[in-house]
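Please walk through one part of this structure, starting from a pair of strands and ending at a single residue beside them.

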Amino acid sequence: MKVFVTGGAGFIGSQYVRAMLAGEYAGYEDAEVTVFDLLTYAGTTDNLPLGHARLTFVRGDIRDADALAQALPGHDVVVHFAAESHVDRSLVGAAPFVSTNVLGTQLLLDACLRHGVTTVLCVSTDEVYGSIESGAWDEEWPLLPNSPYSASKAGSDLIARACWRTHGLDVRITRCSNNYGPYQNTEKLIPLFITNLLRGRPVPLYGDGRNVREWLHVADHCAALQLVLTDGAPGEIYNIGSGVEVANASIARRLVDLCGADPALIHHVADRKGHDLRYALDFGKITKLGFSPAIEFDQGLESTVRWYREHPERWPDES
Ligand code: NAD
């Protein structure tokens, strides 16, 4: 089995690769893994066990058909993580998001069709549904994305599903809630807050902090992805969630406690433009495949703080 992982040098993709190479996924203990990653500001080979006998790293862009034509042939499965992933950056400049997330997905799928890939797993996000005041989205919910990031991910989802419907390629799509855990870029809320608080610096909390996100540990997300790969069905969409809903203000307070910091370091700043109030997933469909999150949120958050405490080399430069 040869597995091609786009974006495998990023936060979630590298967790998936490390777990697969560590033999955590039944039936894939001997899988050979190719990570295909452009190494944007968000990706680093420090996240990967370079030198592992079953790992090949290729620096490449999913928007480069020639690079894909060189690297992809011979692979059975593609797990597609590569994306521009930070909402705040998409508010400042949306073009790279449309380019990588929509066009890049199309070019990757074209290459999969051309080079005989058997199965493609496209990793998407709950943000494609928009914002929900009460209740929870199931997979039939209309897509109403509110940011350029989530709109470009919705475009990616729709292109992927259309490839299954039009060409009969075995494409599966997952929509996961917010992830946390080690190896995440410190531009994102949880590692930004942890590293600032450990340095005794203020943390910027958007608006009144009542925006609610559903949090899942990255290792649970990757286990769910593997389950969709082994037990899911072509053309199907699977929500992946935890049911753990936490307001941003509550995350900030928990992190202050875990970091032993001064609560006065929480600074309220102007709200993010178009800030979605609440995300919540109905993930009954993947539960029927046997998924349930293994890592309890408080324990996962504590171990994440410990990881950043022990890895100062992962903190942003002092400036
Ligand atoms: P990340 O930003 O940490 O990693 C993205 C990776 O993609 C990086 O290694 C980057 O170098 C690479 N990349 C970017 N553009 C590329 C291109 N054109 N060609 C090849 N590689 C490219 O992102 P992440 O948080 O690990 O997210 C991975 C996927 O999961 C994304 O598709 C994201 O939309 C989705 N997702 C993320 C979350 C979350 O909470 N982080 C939740 C649900 C879904």
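In this predicted model, Asn 178 stands opposite Trp 215, a residue of β9. The two strands concerned, β7 and β9 (residues 212-217), pair in the parallel sense, over three bridges. In general, the strands of a sheet pair through backbone hydrogen bonds, in either a parallel or an antiparallel arrangement.

The pair belongs to an open sheet of three strands in the order β7-β9-β11, and the pairing in that sheet is mixed. At the edges are β7 and β11 (245-247), each of which pairs on one side only. From one strand to the next the twist averages 50°. Helix α7 (residues 218-231) lies across β7 and β9, and its direction makes an angle of about 70° with β9.

Now turn to Ser 177, which sits in the loop between β6 (170-176) and β7 (178-180). Is Ser 177 buried or exposed? Its relative accessible area is 4%, and because buried means under 20%, Ser 177 counts as buried.

The surroundings of Ser 177 can be listed. Leaving aside neighbours within four places in sequence, Ser 177 is in contact with Asp 126, Glu 214, Trp 215, Leu 216, Ile 240, Gly 241, Ser 242 and Leu 281. Trp 215, one of these contacts, is also the residue that Asn 178 stands opposite. For Glu 214, another residue on that list, there is a distance to report: its backbone oxygen lies 3.2 Å from a polar atom of the Ser 177 side chain.

How values were computed: Residues are numbered from 1 along each chain as its sequence is written. This is a predicted model: local features need pLDDT of at least 70, side-chain atom pairs count only at pLDDT 80 or more; totals for chains, interfaces and linings use all residues. Side-chain values use heavy atoms; hydrogens and water are left out. Helices (H or I, at least four residues) and strands (E, at least two) are DSSP runs, numbered from the N terminus. Buried means under 20% relative accessible area, exposed over 50%, partly exposed in between (1.4 Å probe, protein chains only). A polar contact is a pair of N or O atoms within 3.5 Å; within protein, one must be able to donate a hydrogen and the other to accept it, and residues adjacent in sequence count only if both atoms are side-chain atoms. Contact means heavy atoms within 4.5 Å. Two strands pair if DSSP finds at least two bridges between them. Axes are lines fitted to C-alpha atoms, for helices over the stretch in contact, and angles run from 0 to 180 degrees between N-to-C directions.
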